[in-house]
Amino acid sequence: MQTLLLNPIAFSIGSLAVHWYGLILGSAALIGLYLTIREGNRFKIAPEFFMDLVLFGVPSSIICARIYYVAFKWDEYKDHPLDVFKIWQGGIAIYGALIGAILCALIYTRKKGYSFWRIMDICAPGLITGQLIGRWGNFVNQEAYGGPTTETFLRDHLHLPNFIVEQMNVEGVFHHPTFLYESVWNIVGLLLLLVLRRQRFLRAGELFLSYFMWYSIGRFFIENLRTDSLAFQGPTWLASFINGLWSPMKAFGFEAGALDSAYGNIRISQLLALIILIVAIALIVYRRRSGLAKVHYLDPIMSTHMSQEELPESVLHTHSSKTNEGLHSLSINKETDAEDKLKDRKE
């Protein structure tokens, strides 16, 4: 059977070829932005704030994602440096993209006077939406797939539609559609985030950290199926530990993707997934115990650059009530002090 490879070029305008990969990534960013703006409206944050954040964040993400990927694949690019800029051929790392987005958000939110954690909470559903859509760019490019499998497993066990099964036929060998596994995992994660953000117990920063936790769990198990993982040579005990954690996947009929032992024995994305999961849990516990997470997700969001007229009415009312309480308390204290002095004089 021959490989069905979709044409990666959607259309051409003269000599300019527009690739599906770019269109899919662009659509992912726009849909993620739409969800973020809608949630931002609930907190009276102007859409322009998030539009500017995306305007700076998307280029930062793409640049860092490419740098991350190329850094671990430098042997393949050092003789052809111009290929570094051919991102339409694939080869960007999601963890690099997240690093770029977070760094950009840290700078931008500070400049605008907003809490980084509050803004990233709002952005979390948009981020995971962008990822679940963006993975379909890998599908079109026929990349980031898993190890060999059988057509029977794809059709009868997973019940996948024909267009996905055929696209996973790479040079006559069927492969696991890891792009699809991750996309479906992220769909479930999106639904969980949408439910979680309406819960009163949720504190600032915890939705964003929950997104990282969910994504890292899925990425840990899916990454081991791939054949193109970035890897390095690490201690044998660590490789055995990671493989042991992944081993329950075999009970579901999955086999680990090939990894050249000369290239590395530890998949970088798997190790990062474990580290991020542990750090995210530790941050939630630390922020709660230290009192840094006193603010709830549903509380009003304010910028330190806001004028008195721009503050939400609920905040002004709360501030006014506290001020009145303070003045009343001060008045009572003064009256008590005056009475005490009068008693002293009489005595």
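**Core, helix packing and backbone**

Author: Leaving aside neighbours within four places in sequence, Tyr 211 is in contact (heavy atoms within 4.5 Å) with Leu 98, Ala 124, Leu 127, Ile 128, Gln 131 and Leu 193. This is a predicted model, in which local features need pLDDT of at least 70, side-chain atom pairs count only at pLDDT 80 or more, and totals for chains, interfaces and linings use all residues. Residues are numbered from 1 along each chain as its sequence is written, and side-chain values use heavy atoms, with hydrogens and water left out.

Reader: Which residues touch the most other members of the largest nonpolar core?

Author: They are Ile 45, Phe 50, Ile 119 and Tyr 211, in a core of 69 residues. Such a core is a set of buried Ala, Val, Leu, Ile, Met, Phe, Trp, Tyr and Cys residues joined through side-chain atoms within 4.5 Å. Helix α5 (residues 116-141) gives the largest share of this core, eleven residues. Helices here are DSSP runs of H or I with at least four residues, strands are runs of E with at least two, and both are numbered from the N terminus.

Reader: And Thr 36, buried or exposed?

Author: Thr 36 is buried, at a relative accessible area of 6%; buried means under 20%, exposed over 50% and partly exposed in between, with a 1.4 Å probe and protein chains only. Thr 36 belongs to helix α1 (residues 20-42). Not counting residues up to four places away in sequence, Thr 36 touches Phe 50, Ile 122, Cys 123 and Gly 126.

Reader: Changing topic, at what angle do α10 and α11 pack?

Author: The angle between α10 (residues 236-246) and α11 (residues 268-290) is about 75°, and their axes are 11 Å apart. Axes are lines fitted to C-alpha atoms, for helices over the stretch in contact, with angles from 0 to 180 degrees between N-to-C directions. That makes α10 roughly perpendicular to α11, a term for angles of 65 to 115 degrees.

Reader: Which residues make that contact?

Author: From α10 come Leu 238, Phe 241, Ile 242, Leu 245 and Trp 246, and from α11 Gln 270, Leu 271 and Leu 274.

Reader: Which non-glycine residue has a positive phi?

Author: One of them is His 159, at about 55°, in the loop between α6 (151-157) and α7 (162-167). His 159 is exposed, with a relative accessible area of 62%. Glu 171 also has a positive phi of about 55°, and Glu 171 lies in the loop between β3 (169-170) and β4 (173-174).

Definitions and conventions. Angles under 35 degrees count as roughly parallel, over 145 as roughly antiparallel, 65 to 115 as roughly perpendicular and the rest as oblique.
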